[in-house]
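Q: Please take a close look at one part of this structure for me. I would like to follow how its pieces meet, step by step.

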Amino acid sequence: MPDVKHFDPDAVLDRAVRLFWRRGAAAGIAEVVAETGLSRSSLYATFGGKRDLYVAALRRYADRQSRPVFDRLAADGRGLPGIAAFFGGLVAARCSGEYARWGCMVSNAHAAQDGSDAGEREVLDAHHEALCTAMRTALLAAREHGQLRGDVDVRSAAQLLALLAYGVNLRSRAGADPGELADTVDAALRSFSPLP
């Protein structure tokens, strides 16, 4: 007779996301057991171990937290105002509310990653490409609206804005002032605009 699970793996994964978002992959197995309510044997039988659970949680975070935001940015169509709105939402989410000072689980993973886990690297690379694609789409809209200087290379600018997003995430985790973060974003976006 097959073993019957007496827990919801999706609910467990959601709790794991919260733990790893706050603590990163360094969270100990005892913390994982306490947060998820699973025994070690159930954890290993269902997810394959703590590292596998961490990568699954990272993937879930990217799919459920990041992807919808990237999709909204790509569909916005306003150009630089859409990018400004993206960053405004980012600063607000990182500096206030339930998740203040948690940073971004993906940015936190980038900061701690040593390149040894292929599954983690795959999630991080896919997330980065999705962010850059959304930024390129928004920048192309900006070009169509005449909001970019002629010499702005859209691909490089999208990479720069992606790196700025990671920086906002990491600095907010360290308690940066939201006004300073917003001013930095404004300065970056102004650097793309044509001179008056």
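A: Keep in mind that this is a predicted model. Start where helices H6 and H8 touch. From H6, the residues involved are Ser107, Asn108, His110 and Ala111. They meet Tyr166, Asn169, Leu170 and Arg173 of H8. Sorted by class, this contact holds three nonpolar, four polar and one charged residues.

Now look at the angle. H6 covers residues 105-112 and H8 covers residues 154-173. Their axes come within 9 Å and cross at roughly 90°. Angles of 65 to 115 degrees count as roughly perpendicular. H6 and H8 are therefore roughly perpendicular to each other.

Next, follow H8 into the largest nonpolar core. This core has 33 residues. Ile83, Phe86, Phe87, Met135, Leu139 and Leu161 touch the most other members. At least two residues each come from H4 (50-76), H5 (80-95), H7, H8 and H9 (178-190). H8 gives the most, with nine residues. In soluble globular proteins, nonpolar side chains tend to be buried together.

Phe87 shows what such packing looks like. Leaving out residues up to four places away in sequence, Phe87 touches Met135, Leu161, Leu164, Ala165, Val168 and Val185. There is also a second, separate core of 27 residues. Ala27, Tyr54, Ala109 and Val123 are among its members.

Arg136 sits in H7, which spans residues 118-144. Beyond its neighbours within four places in sequence, Arg136 is in contact with residues including Val154, Arg155 and Ala158. Glu129 is another of its contacts. Arg136 has a relative accessible area of 14%, so it is buried. The cut-off for buried is under 20%.

Finally, turn to the aromatic rings. The whole structure has six aromatic pairs. In one of them, the ring centres of Trp21 and Trp102 are 5.1 Å apart, with planes at 85°. That makes the pair edge-to-face, because planes over 60 degrees apart count that way. Trp21 lies in H1 (residues 9-23), and Trp102 in the loop between H5 and H6. The pair therefore ties together parts that are 81 residues apart in sequence.

Tyr99 and Trp102 form another edge-to-face pair. Their ring centres are 5.1 Å apart and their planes are at 65°. Trp21 is buried, at 2% relative accessible area. Trp102 is buried too, at 12%. Tyr99 counts as partly exposed, at 27%. Ring pairs link Trp21, Tyr61, Tyr99 and Trp102 into a cluster.

Terms used: Residues are numbered from 1 along each chain as its sequence is written. This is a predicted model: local features need pLDDT of at least 70, side-chain atom pairs count only at pLDDT 80 or more; totals for chains, interfaces and linings use all residues. Side-chain values use heavy atoms; hydrogens and water are left out. Helices (H or I, at least four residues) and strands (E, at least two) are DSSP runs, numbered from the N terminus. Buried means under 20% relative accessible area, exposed over 50%, partly exposed in between (1.4 Å probe, protein chains only). Contact means heavy atoms within 4.5 Å. Axes are lines fitted to C-alpha atoms, for helices over the stretch in contact, and angles run from 0 to 180 degrees between N-to-C directions. Angles under 35 degrees count as roughly parallel, over 145 as roughly antiparallel, 65 to 115 as roughly perpendicular and the rest as oblique. Ala, Val, Leu, Ile, Met, Phe, Trp, Tyr, Cys and Pro count as nonpolar, Asp, Glu, Lys and Arg as charged, and the others, Gly among them, as polar. A nonpolar core is a set of buried Ala, Val, Leu, Ile, Met, Phe, Trp, Tyr and Cys residues joined through side-chain atoms within 4.5 Å. Rings of Phe, Tyr and Trp (its six-membered ring) pair if their centres lie within 6.5 Å; planes under 30 degrees apart count as stacked, over 60 as edge-to-face and the rest as tilted.
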